[in-house]
Amino acid sequence: APPTPPASGGSATTQALPTDVSSTEKIVRWANWTAYLDYDDATKTYPTLEAFKKKYGINATYSEDIEDNDSYFNKIAPQLRADPPQDIDRDIFVFTDWMANRVVREQLVQPLELIRMPNASNLLDTLKDVSFDPGRTHSLTWQSGFAGIGYHKKKVGRELKSLDDLWADDLKGKVVVLSEFRDTLGLVMLREGVDPSGPFTKAQFETALDEINKRITDGNIRRVKGNSYLEDLKSGNAIAGIVWSGDLFVLRSETEDDDWDFVIPESGGTLWSDNMMIPITSTHRRNAMTLMNYYYDPAVAAQVAAYVNYVCPVVGAQAEMEKIDKDLAESPLIFPSADWIKKNNIKGFRALSPTEDADYSAQWAKVVGN
Amino acid sequence: MTALAHTGSTAPAGDPPKRKRSWAAYLLLLPATIWLIVFFVVPLIQLFTVSLQSGYPGNPGYYYRDLNFGNYLTAFTQYWPHFVRSLLFAGLATFFAFVLAYPLAYAMAFKAGRWRNVMLICVIAPFFTSFILRTIAWRQILADGGPVMATFHSLHLTWMLPDGRITETWIAVVAGLTYNFLPFMVLPIYASLERADPRVIEAGGDLYANGFTTFRTVTLPMSMPGVLAGTLLTFIPAAGDYVNADLLGSDRSTKMVGNVIESQFFKVPGGFPTAAALSFTLMALILLLVFFYVRKFGTEDLV
Amino acid sequence: MRMTSAAISAPRAGVSRGRRIKNWFADHFAILAAILVLIYLFVPVAYTFVFSFNNYRKSNITWVSEGSPTLKHWQNPCGAPGVCDALVTSLKVGAIATLAATVLGTMLAFALVRHVWRGRAAASTLVFIPMATPEIVLGASLLTIFVQGFSRFGLDLGFWTITIAHIMFCISFVVVTVKARLQSLDPRLEEAAADLYAGPAASFWRVTFPLVLPGIVGAALLSFSLSFDDFIITNFVSGDETTFPKFVYVSYLRGIPAQANVIGFSMFLIAVILVILGQTISSRRKS
Amino acid sequence: MSLFTAQKSETGLRAAQGDLRLEAVTKSFGDFTAVDDLTLRVPRGSFFALLGPSGCGKTTTLRMVAGLEQPTSGSILIGDTDLTGSRPYQRPVNTVFQSYALFPHLTIRENVAFGPKRHGEKDAMAQADQALELVQLTHLASRKPAQLSGGQQQRVAVARAIVNKPEVLLLDEPLGALDLKLRRQMQVELKRIQSEVGLTFIHVTHDQEEAMTMADTVAVMNAGRIEQMDDPVALYDLPKTAFVANFVGQTNMGIGDITGTDGDFLVADISGTTVRIPKSRSSVQDGKVALGVRPEKVTIHGKQPEGAGDDVRATVVDVSFIGVATQYLVTTASGSTWSVYAQNLDVEPESLRPGSEVWLRWQSAHAFGVPVDDDAIAATKGPVVEDES
Amino acid sequence: MSLFTAQKSETGLRAAQGDLRLEAVTKSFGDFTAVDDLTLRVPRGSFFALLGPSGCGKTTTLRMVAGLEQPTSGSILIGDTDLTGSRPYQRPVNTVFQSYALFPHLTIRENVAFGPKRHGEKDAMAQADQALELVQLTHLASRKPAQLSGGQQQRVAVARAIVNKPEVLLLDEPLGALDLKLRRQMQVELKRIQSEVGLTFIHVTHDQEEAMTMADTVAVMNAGRIEQMDDPVALYDLPKTAFVANFVGQTNMGIGDITGTDGDFLVADISGTTVRIPKSRSSVQDGKVALGVRPEKVTIHGKQPEGAGDDVRATVVDVSFIGVATQYLVTTASGSTWSVYAQNLDVEPESLRPGSEVWLRWQSAHAFGVPVDDDAIAATKGPVVEDES
Ligand SMILES: Nc1ncnc2c1ncn2[C@@H]1O[C@H](COP(=O)(O)OP(=O)(O)OP(=O)(O)O)[C@@H](O)[C@H]1O
Ligand SMILES: Nc1ncnc2c1ncn2[C@@H]1O[C@H](COP(=O)(O)OP(=O)(O)OP(=O)(O)O)[C@@H](O)[C@H]1O
Ligand SMILES: NCCCCNCCCN
Ligand SMILES: [Mg+2]
Ligand SMILES: [Mg+2]
């Protein structure tokens with residue numbers, strides 16, 4: 001029998017935190033996903049971040065390190081878990097709920113001092129108390145979003161409405177899907193009438209898995225990718241796929257091509273949130289919190305949302321958005337109403353038990369060729 | 001690496017007797033051997049112990065010491081197609097690299113005259129444009145919307161391609177491997193051809209062998225040490241490569257062992273032991289192949 | 001001689017035109033093929049060059065006709081965040097790894113060629129096996145030891161672990177290159193030096209070393225290019241340190257800035273120019 | 001010999017037979033003309049030697065015959081078959097290369113069988129064995145070339161060429177790398193093989209003694225042109241230029257003016273000494289002339305000898321004993337250095353030492369005259385080290 | 001010459017002066033004895049040649065003198081200084097290597113200055129220039145060795161050695177790689193240099209003509225031992241063994257029994273022919289004897305010649321014209337092959353062709369007798385190719 005596992009369970013941080021040198025080293029290093037922060041092409045900078053630097057005199061560096069949760073986590077995990085942990089050169093990273101759950105449980109992140117982050121109270125109520133981090137003591141939502149279908153209207157030549165439309169013969173080999181099984185399989189389960197947020201069974205999961213397996217084998221799916229699916233869409237290797245909502249709008253502005261479109265499939269879409277956290281190795285905790293706090297200023301949040309088009313978790317941002325772009329302030333993709341979510345049958349993916357997680361991840365990994 | 005081509009040469013008659021036997025020898029060899037022991041042998045041993053570790057169920061990413069040979073079983077049973085593919089792709093790439101490298105090496109050695117060194121630079125210089133950059137360039141050049149595919153379309157030749165495309169097929173992967181390891185094939189072959197006496201090749205023609213026969217019966221056998229070194233230097237890294245399959249291949253049908261190792265390390269939680277077992281198996285397999293290959297071609301002293 | 005139709009046919013005068021064309025192709029086949037192969041080697045380099053003038057948006061994948069070609073990336077090659085840091089890291093790693101591997105490898109090569117000692121065969125094997133081990137295995141094993149063993153010595157993944165790994169895999173190539181040069185050295189030259197009153201030290205520094213130097217320089221060059229171009233091992237042991245190839249690979253996921261093209265192509269150009277320069281100098285010195 | 005009987009029926013060029021002819025052959029490398037308008041006929045079955053200093057174009061000529069190089073202009077024929085432009089493997093010609101050029105990866109037998117195999121001969125190996133027997137190397141047939149000594153390699157190279165029964169066998173300084181003793185042995189051997197197989201041999205060398213002992217005809221080449229072509233005795237006895245006179249053996253030379261005739265003789269004045277040259281042995285009949293006399297035609301005397309013959313006063317500079325003979329180096333009154341060769345026959349040699357005053361004597365019938373040119377002027381200086389840079 | 005006057009005061013071994021002495025020197029490589037109990041004295045300032053076939057131990061001997069190899073037993077002295085066990089760079093000895101061993105990375109001047117520089121001489125470059133002048137290469141001083149011809153390299157190697165004013169200069173086949181013409185020139189040159197600088201030269205060669213023309217004393221070595229050591233004329237004229245007789249020039253041999261004496265002569269019966277050998281010229285006085293006569297001491301005649309001398313009937317096998325002379329190969333009645341050397345003097349040669357019946361004649365005073373051994377038996381077979389495998 002295996003010996004008892006190392007530190008796990010309970011969110012109480014038992015580990016000693018590294019000394020904070022924020023006051024002497026005015027930097028904060030932020031790892032985030034691609035197309036997840038407002039970007040100015042002309043100057044090749046991130047306007048809100050520039051403003052932050054100016055305002056606080058903290059030099060923030062932003063790296064689009066994260067391709068998907070698993071690959072980024074596995075890349076840094078050995079260092080974080082090493083005894084003693086090794087600095088990963090990042091002060092903030094951003095993980096989706098389920099991965100945030102793991103990171104918090106394994107005590108790989110530092111607690112937040114909410115008292116230093118007054119704006120944090122602007123967090124949407126629905127997000128305030130999450131199962132993996134009760135009371136938001138270790139994480140703060142960055143953005144939420146949906147997974148659905150994205151495609152290039154002109155190149156596809158018709159509207160895509162359902163997953164079945166993606167598997168059409170003329171799109172064979174031109175479709176990408178997400179390497180996050182909670183999104184890709186979530187959509188397939190919805191298509192099959194299974195609620196991913198409900199207590200679905202292993203068999204139901206596997207049915208969905210089989211569908212993707214078949215689509216890969218048959219060559220409908222060209223590649224299963226993390227956030228870099230955007231490159232395939234840009235280079236023309238793919239013209240449709242299962243994607244994240246905001247990305248397609250970023251793609252629109254980047255390529256100046258309004259034919260890119262995002263739709264929630266008829267059978268429904270998935271909803272998720274990504275969370276900012278401070279890795280256990282960070283020695284710039286305060287600077288990180290300053291940054292988080294800054295982005296919870298509704299005006300700043302609106303500015304970000306106007307670019308990334310993801311669901312904004314900040315109360316008051318919608319009002320700020322009115323000032324920037326009326327249309328966007330109405331957009332359900334940024335400010336969805338409960339009704340809209342319901343109507344479109346949008347569901348979260350339920351938390352998996354550790355054994356389920358291990359089992360499903362392994363099966364998924366095999367199907368996508370890992 | 002050109003030096004690898006010296007492999008086949010037995011010591012010349014005038015080989016100086018190994019004279020000195022002294023503490024100086026140990027002083028000279030210690031730093032490098034210590035380095036290799038600490039940063040090559042010890043890590044390999046560590047890798048081996050990792051390959052026998054087990055993971056805590058429910059705590060992916062945490063492992064404990066064990067004698068879990070099941071990891072090797074997994075490596076074999078689950079990933080044998082990847083091994084087959086690795087060897088196959090590496091073999092194909094080695095073959096194509098050989099086919100492309102030989103004329104180039106030959107021309108450099110015998111036809112280039114004063115252009116010889118310029119050609120040599122041309123072979124090496126692309127190293128300095130990072131190979132990742134060049135591979136990504138290929139990805140764009142071969143992309144569905146790229147110039148190569150456009151040519152195929154305009155000539156109505158897409159039927160020749162699997163799935164009507166190049167990227168995300170085995171063709172792209174093999175092409176990428178071929179391209180990236182070509183210099184490693186060219187240089188040793190060039191080195192061994194350069195040493196060959198051109199008169200010996202002329203003697204082939206003089207003795208009624210036409211161009212091709214001379215090549216087959218004289219030039220090629222004479223350059224065998226270089227070919228041997230070149231094929232090893234191409235095959236080994238190609239068999240362990242994952243970048244080409246990653247950037248140019250698709251998810252399942254073109255993945256090689258390298259990709260599995262990489263994803264077991266970096267993408268799949270709890271994959272360390274499997275990855276280690278796969279690495280070890282790959283190394284053992286390649287060492288075995290190298291051993292038989294070298295035995296067959298009679299080159300014992302490779303270094 | 002048996003009379004056959006062939007024997008009856010009168011001897012021809014000269015060689016037909018068709019034959020001549022065929023002969024021309026036979027003679028030039030290698031050089032034509034070589035040129036094609038060189039072009040093939042250069043295609044992606046040319047692509048890199050062309051796209052260094054692209055007025056790209058977020059990612060440098062499609063040609064943006066508006067505003068391209070532009071010189072602005074050449075005017076400001078460090079314009080993209082991180083790209084020059086990565087280059088500097090690569091150059092530093094390359095320089096240190098080259099220096100260390102060249103010194104260690106050269107010493108070992110001397111020991112292997114010039115001395116008799118217990119375990120020479122074992123040492124040769126120790127040098128050969130890293131070359132016969134796929135990079136990914138080297139990377140993986142180093143990663144396991146760096147995160148599971150050496151961290152207690154305060155050796156975190158990063159610059160030094162990359163450098164250590166590069167020294168490790170370069171040593172073998174240095175040994176092989178220098179050894180070959182050393183073996184082809186006429187042993188009589190050292191005897192001549194001794195005969196001309198040079199003691200062991202003088203004999204080494206005035207005769208052996210200068211003669212082996214080209215081999216050492218070649219080995220250093222090879223080490224540098226292997227180190228500079230390495231991705232696989234680096235990716236395993238680098239933690240969050242970014243070398244140039246890793247920068248390119250990582251930014252590939254979100255779009256490579258054209259500045260990377262500028263730098264990649266410049267390195268290529270510098271290499272070509274340096275070698276051509278070195279060659280003309282040495283050939284001028286010869287004449 | 002059975003090896004050279006059953007000739008397989010062959011096609012085209014390969015079946016060409018007859019004399020080897022070079023017609024106005026020129027070969028240029030860029031600006032440089034290596035072989036200059038060369039015309040030459042080598043009778044079938046003869047032993048022909050091409051003699052000349054390094055770089056004069058010997059190898060280039062051979063390579064054109066072999067087809068390894070194409071002439072810039074002119075043509076090469078065997079009998080009436082024009083070989084120009086054809087490939088080496090199409091020609092009934094084989095070469096023994098200066099460096100042997102044995103295939104290092106093949107055994108001796110395989111090396112020799114290489115040519116017959118290319119011809120598709122079924123019994124290639126048997127033929128190879130026969131050829132190896134001819135060169136007395138049967139016992140080494142299964143070794144690799146690297147395991148053979150220089151002389152043995154040389155014989156393998158010969159076997160590998162003659163096994164093909166070529167019309168013409170080209171030998172490019174086949175003995176150049178051998179030491180003196182072995183070289184003399186191999187000369188005898190090659191001559192024996194040639195007379196046994198009866199092929200046309202074209203032998204390139206810069207060793208005049210070798211050319212003379214072996215060949216039926218010797219052509220002396222200089223700077224891309226043939227200076228003189230003759231049988232060895234005639235060439236040695238009556239060189240037409242100072243270059244030939246000095247390249248083929250040593251010649252004592254003196255430069256002077258023809259002052260008149262005396263019967264069949266030209267009378268010339270060499271720095272005050274009057275000498276006679278047979279009219280038929282001089283390529284100049286008036287004006288300046290270079291007198292030539294071979295060292296072995298000159299006798300050396302302590303006092304002025306009596307009887308017919310020309311003679312000249314001189315001082316001994318050096319005496320060297322070379323076993324069979326003694327060589328004297330002397331300075332004549334006119335300042336030229338001459339050499340005298342005296343066989344150590346049963347007569348006791350006169351005891352001459354450096355410094356002795358002597359008389360040199362030769363039969364006027366043995367003198368010859370050549371035009372005065374740079375070579376002639378250099379020759380009066382005797383055998384000193386010239387810079388070859 | 002100024003170069004060799006101002007001798008710096010030096011210490012210890014390096015200052016040793018006098019004759020070179022080898023005392024009971026033996027060198028074994030494993031089981032194999034390369035040099036076998038060699039004792040030898042080379043007078044200071046003499047030109048000494050070590051002659052012998054390949055592998056007889058010449059190079060090994062030289063390397064021991066140079067200090068590049070240590071003797072297994074015995075000692076090596078210069079004057080009274082024992083050099084045994086010292087390192088090469090401590091000895092007043094320099095070597096001209098067979099392959100020259102010039103430093104490819106240094107210019108000619110730097111090559112030559114290498115030794116003086118190691119001695120810390122201030123004017124190393126000036127000394128190098130003087131030495132280069134001596135070998136007439138001043139104009140090439142700034143070239144690299146690869147840019148020189150073989151003969152020039154050879155002279156650089158000599159300059160590089162003599163510039164150090166060693167007590168003993170070792171030359172290991174310095175001319176082995178040169179072609180015949182150049183070789184003869186360099187022989188003259190080396191001799192000139194030796195007489196100019198007056199150093200002890202030990203010259204290793206397997207070319208007997210070279211040894212004889214150059215050396216004051218020649219030692220003939222065979223299988224690690226010295227067979228005979230003498231001045232060239234004596235060595236040639238009166239060899240003590242069949243090996244020496246054949247290694248130093250050619251010898252015609254016949255094997256027979258001593259049947260009696262006749263005054264100062266031994267009378268011997270060689271396969272039925274009676275010949276006479278001066279008692280003083282035979283190393284055997286009774287029993288079996290091998291008669292030796294040099295080819296140039298033998299005359300060839302169409303009919304039995306008259307007058308004193310021994311003669312024998314023979315048949316001509318081969319005639320070769322070698323310019324200065326004609327060489328006849330004949331078979332005697334007893335079946336041995338003899339060779340006759342006839343200078344092409346002014347007398348017209350008798351027109352002999354293969355097959356002619358002839359008489360050979362020599363003065364009994366020129367004959368010599370050596371013990372019958374394998375070498376003697378082989379020598380009766382004449383000059384044929386032996387296998388050197
Ligand atoms: N491929 C070539 N390109 C340019 N010049 C050449 C070439 N081959 C030969 N030559 C020149 O042509 C001349 C004649 O060369 P060749 O080899 O025929 O001389 P050779 O008489 O054989 O001399 P050696 O006795 O040294 O072998 C030389 O000056 C040589 O440099
Ligand atoms: N280091 C060694 N180990 C074993 N045997 C050796 C060694 N050096 C020389 N010999 C042997 O000693 C013998 C004499 O060699 P040496 O080189 O002195 O001959 P040599 O007379 O110079 O011949 P050559 O004329 O060929 O140069 C040879 O049989 C050689 O094989
Ligand atoms: N471009 C930013 C995309 C962020 C996606 N986060 C995804 C999580 C899904 N499960
Ligand atoms: Mg030549
Ligand atoms: Mg020797």
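Let me begin with a definition: a residue is buried when its relative accessible area is under 20%, exposed when that area is over 50%, and partly exposed in between, all with a 1.4 Å probe and protein chains only. Helices and strands here are DSSP runs, where a helix is H or I over at least four residues and a strand is E over at least two, numbered from the N terminus.

Before we go on, this is a predicted model, so please keep in mind that local features need pLDDT of at least 70, that side-chain atom pairs count only at pLDDT 80 or more, and that totals for chains, interfaces and linings use all residues. Residues are numbered from 1 along each chain as its sequence is written, chains are lettered from A and ligands numbered from 1 in the order in which they are written, and side-chain values use heavy atoms, with hydrogens and water left out.

Let's start with chain B. Of the 303 residues in chain B, 62% are buried. A contact, by the way, means heavy atoms within 4.5 Å. Among the contacts in chain B with a separation of 6 or more, 69% are between residues 24 or more positions apart.

Now, the surface. Accessible areas come from the Shrake-Rupley method with a 1.4 Å probe, and for residues only the protein chains shown count as cover. For chain B the accessible surface is about 11,200 Å², and carbon and sulfur atoms supply 69% of it. For charges, Lys and Arg count as positive and Asp and Glu as negative, leaving out His and the chain ends; each charge is placed at NZ of Lys, CZ of Arg, CG of Asp or CD of Glu. Chain B carries 20 positive and 15 negative side chains, with 5 Å between the centres of the two sets.

Let me zoom in on one helix. How many residues of helix 9 of chain B are buried? The count is 15 of its 17, so this helix is mostly covered, given the under 20% cut-off. Helix 9 runs over residues 224–240 and reaches 24 Å from its first C-alpha to its last, close to the 24 Å expected at 1.5 Å a residue. That expected span is 1.5 Å times one less than the number of residues.

Staying in chain B, have a look at A109(B), which is found in helix 2, residues 70–111. A109(B) counts as buried, at 7% relative accessibility. Leaving aside residues up to four places away in sequence, A109(B) touches R116(B), Y190(B), L193(B) and E194(B). From A109(B) to P126(B) is 17 residues in sequence and 20 Å in space, C-alpha to C-alpha.

Next, backbone torsions. Most residues other than glycine have a negative phi. What is the phi of E168(B)? It is near 60°, a positive value in a residue other than glycine. E168(B) is found in the loop between helix 5 (147–154) and helix 6 (170–195) of chain B, and it is buried, with a relative accessible area of 2%. A101(D) is found in the loop between strand 6 (93–96) and helix 2 (108–118) of chain D, and counts as buried at 1% relative accessibility.

That brings us to chain D as a whole. It has nine helices and 20 strands, and its C-alpha trace spans about 75 × 45 × 40 Å along the principal axes. Buried residues are 59% of its 389. The accessible surface of chain D is about 14,500 Å², with 49% belonging to carbon and sulfur atoms. Its 37 positive and 48 negative charges have mean positions 8 Å apart.

How do the chains meet? Seven pairs of chains touch, and the most contacts are between chains B and C. Chain A and chain D have no contact, and their closest C-alpha atoms lie 47 Å apart. Chain A and chain E do not touch either, with 51 Å between their nearest C-alpha atoms.

Last, the disulfide, meaning a pair of cysteine sulfur atoms within 2.5 Å. The structure holds one over all chains. Which cysteines form it? They are C78(C) and C84(C), with sulfur atoms 1.9 Å apart. The torsion about their S-S bond is about -85°, so the disulfide is left-handed. C78(C) is partly exposed at 44% relative accessibility, whereas C84(C) is buried at 16%.
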